[in-house]
Amino acid sequence: MTLATLPAAVEKFSTAYESLLTRSSNTTGWLNVLRQQAWSTFSELGIPTKRRGNELWKYTNLQPLAAADFVYGVSGSVTRDQIKVAGPWDDAWNTIVVVDGKFNAELSNLNGTAGLNAGSLAEAIAGGTGDVELQLASLAGREEYAFTALNTAFIDDGAYVAVIDGTELKEPIHVVFVTSNATENRASYPRLLVDAGAGTSLVLIETYLNLAETAQFVAPVVEMFAGERSTIKHYRVQMENEKSFHLGTTRISQLGDSDFTSTSFAVGASIARNDIHTLLNAPGASCTLHGLYMTNGTQQQDQEISTTHAKPNCSSNQYYKGILSGKSHAVFSGKVVVERNAQKSDATQKDLNLMLSRGAEIDAKPSLEIYADDVTASHGATAGHVDRDTLFYLQSRGVSEDAAKAILVRGFAEEMLNEFKPTALNEFVERITDERIPILLAESDTIGTT
Amino acid sequence: MLEINNLHASVVDIENSEILKGINLKVNKGEVHAIMGPNGSGKSTLANVLMGRPDYEVTAGSVVFYGESILGLRAEERAHRGMFLAFQYPAEIPGVRPWQFLKAALDSKAESRGEDKMSVRAFSKLFDEKVEAVGINPTLVKRSLNEGFSGGEKKRNEMLQLEVLQPSLAILDETDSGLDVDALRIVAEGVNSMRSPERSFIVVTHYQRLLNYITPDVVHILVKGKIVRTGGPDLALEVEKDGYKEYLAAAGANA
Ligand SMILES: Nc1ncnc2c1ncn2[C@@H]1O[C@H](COP(=O)(O)OP(=O)(O)OP(=O)(O)O)[C@@H](O)[C@H]1O
Ligand SMILES: [Mg+2]
C-alpha cells in the first residue's frame, strides 16, 4: 500500500521527537531502538491522506489534522475533582490517571488489590517488569500504520496493568487519559499495556477526557494480552472536545478459551477513529466488539473494527450502533478474516445507524474474508430513520413531539447503553447520552418524514 | 362530548384518495358506541383521523370535542384533552419501556393542564396495579414497547395504557381481534370498570362476541366511508347473522 506523505506534516512532529530523546528520563536501550524504528516508519508514512487508492483512509479526511500545529510535552494542572466531573468515577475502582501521557500517582486511586500490578508504564519499562519488553509494541507499533508508529516513537510513559494468573478482580480497573487545560493546541500519545494472566477475570475501563478548550491531538495505543481462560470486559469512553483529533489503536491478542468483550462509547472529537483489532490466536477464544457512536455538527467518527480468526473453534461478534445528525460523517469498517485452518469459526457483524438528518453520511462496510470452509458467518448494515408511525404512537399518548423524538432516539441507543455494566459507568454514559440527544435533535430534519 | 359533522378525509399527497365520505356521529358523555363494517370501509381511518394522524388530510367537515374544534390540534394536544386511541396495529418501539414512556405521557398531560406531576412512587404503584389487572407478564413490560410482543400481548399492552391514562374518550380499534377468551374478558372488564357518566367509548369491532360483554348504547355500520345505519345493540346481532351484503349493494348503487 502506498501512503501519500505530507512532508510538512511530518516535519512538525520532528522537533518534538528530537527533544523527547534528550528530555525523556526513560533511557532504556530497547525502548530507544523501538522509538527510532517507529519514528522512521512514521516519517515515511506521514499523515495519511484520502488520495491514491488509500483504502484505510478513503472515507476519512485528515486534512484538518495535517494542517494544524501542536505542541508536545507541555502539561498543565489537573485536579481529581475535574476528572470526577468530566468522566465516570467510582472510589471503589482501581483508577490510574495519566495526564498528557504521563502517569500521575497523586490523581490515581490504587487500592492495593492483591494480584494486580497497576501503575506507570515508564516504571514498568525501567524496571523490566514482567514481559513488558517482549510485549510492548509487539501487537501495535511495528505495523505500517502511521498513528501507532507515531505513538510508539513517542513512548515515554502511560499506564501498565498486569493481572497475575488466576486472579479474579472484583472491582474494575479504570485508566483515565486526560489532557490538561491549556491555551495551546497539544499532542499527546497515551499508551496502555495490559497483561492478563491465565484464568484471570477483570473489567477494564479506558476513558479519554479533555479539560482543554483548544484542539488536542490524541493518538493512543492500547495493547492487551488475554491469557488462557481469561475473561476481560473492556470499556472505552472517548469524549474529547469538538475541536480535537482522536486516532486510537487497540490491539488484543487472545489465547485459548479466553473471552474478550469491548464496548465503546464514542461521542467526542472533531475527527475520531477507534481502530480495534482482536486476534483469536488459540482455539476456543471468543470476542464481542460492541459500540455506540453519536455524531453531530461536522464530526467524523470512524469505527475500524477487525478480527482475525487464526485458529479453529473461535467466535467473534461485532455489533455497533450509530446516531448521526447535522452534517456529520461516520464510518463503520468491519472486517473479519478467517484463516485457512480456522475451521468451525463463527462470526457475526452488524452495524445499525439512525440517521437524524439528510446532511449526515454513513459509510458502512462490513466485510468477511473467509479462507476456511467450515464457517458460520453473517453480516449486515442498515441506515434508517425514526418513522412517522412510531412518533405518532407516542404523541397519541400525550407525549410532546420533542419529547417523543428524544424517547425514540434514546430507545435506539438503549440496547448499547445497557452493555455498560459497572453502575457508575452506566450512569455516566446514560447521562452523556441524555445531554447529547437534544443537541442531535436540534440538527435533525428527517424524523417523522418517512 | 364528541360531534362529528360531514367529515371527509383523504390520504395526504395521494389524489382522489378519499376514504371518509361524510361521517356524522355524535357521542354523548357516558355512552359506548360500537362501529362495525367490512374490511377497508374506513373504520381505522376514522379512528386515526380523530386522533390526528398526519397521514390523513381532512378535506371537509368538523370534529368538535368538549365544544372545541380539534382538527387543528396535534395528537398530543388531543391526548391532553382526554382522547385515547388503542391501535389496531400498535407500533413496535425498540428500547422504549412502557413504564418510562407512560410516565412521560402522564407528566406531559399534567404539565399541559397545569397540574402536579405524579410522583415516581405513586406512578409505580398505579402501573403495577394495572399490569396485574390487564394480565400482562411483568417481565414483558420491562422490555421494549411491543417489540417481539405477540398480537395478543400488544393488545393487552394497549389496554394497560388505556387504564393508566384514564382518558375521557377512548377509541378502541379492534382491540378484541387476536385475543384469546381470557384476554377478551380482560378487555371487556377493563372497559366496563372504566365506564362512567363522564367517560365515553368508541369501540371498533368485527365481532358481536365483544358486544356480549360490553353492551353498547349505539351501534353504527360504516360502509365505504359512510355510516349507513345506526341502531341499538340488536344491530350487531343482525350483522353477525346477515353480514354486510345488503349495505354493500346499496353503497355500490349510490357510488
Ligand atoms: N395511509 C394510507 N394510504 C393509503 N391508503 C390507505 C391509508 N389508510 C387507509 N387506506 C385505505 O383506505 C381504506 C380504508 O382503510 P381502513 O384501514 O380505515 O379500513 P378498516 O375499515 O379499518 O378495515 P379493517 O376492518 O380491515 O381494519 C382501505 O382501502 C385502505 O387501503
Ligand atoms: Mg381497521
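Me: Which side chains meet in a salt bridge with R53(B) or D389(A), and how do I read such a feature?
Reply: A salt bridge is a side-chain nitrogen of Lys or Arg within 4 Å of a carboxyl oxygen of Asp or Glu. In this predicted model, the side chains of D389(A) and R53(B) form one, at 2.8 Å from N to O. Between chain A and chain B the count is four salt bridges.

Me: Which helices of chain A supply residues to the side that touches chain B?
Reply: Helices (H or I, at least four residues) and strands (E, at least two) are DSSP runs, numbered from the N terminus. Here α8 (388-396) and α9 (401-417) of chain A each supply at least two residues to that side. The most comes from α8(A), with eight residues.

Me: How many residues are in contact across chain A and chain B?
Reply: Contact means heavy atoms within 4.5 Å. By that rule, 19 residues of chain A are in contact with 33 residues of chain B.

Me: And what is the area buried between chain A and chain B?
Reply: Buried area is the accessible area (1.4 Å probe) that two parts lose on being put together, summed over both. For this pair it is about 2,000 Å², and carbon and sulfur atoms give 63% of that. On the chain A side, F392(A), Y393(A) and R397(A) lose the most area to chain B, together 40% of what that side buries.

Me: Is T214(A) buried or exposed?
Reply: Buried means under 20% relative accessible area, exposed over 50%, partly exposed in between (1.4 Å probe, protein chains only). T214(A) is buried because its relative accessible area is 15%. You will find T214(A) in the loop between β9 (201-210) and β10 (216-218) of chain A. Its side chain reaches the backbone oxygen of E184(A) at 3.0 Å.

Me: What is the phi of K344(A)?
Reply: Most residues other than glycine have a negative phi. K344(A) has a positive value, near 55 degrees. K344(A) lies in the loop between β19 (329-338) and β20 (345-355) of chain A, and is exposed, with a relative accessible area of 52%.

Me: What should I know about the numbering and the rules used?
Reply: Residues are numbered from 1 along each chain as its sequence is written, and chains are lettered from A and ligands numbered from 1 in the order in which they are written. Local features need pLDDT of at least 70, side-chain atom pairs count only at pLDDT 80 or more, totals for chains, interfaces and linings use all residues, and side-chain values use heavy atoms, leaving out hydrogens and water.

Terms used. A polar contact is a pair of N or O atoms within 3.5 Å; within protein, one must be able to donate a hydrogen and the other to accept it, and residues adjacent in sequence count only if both atoms are side-chain atoms.
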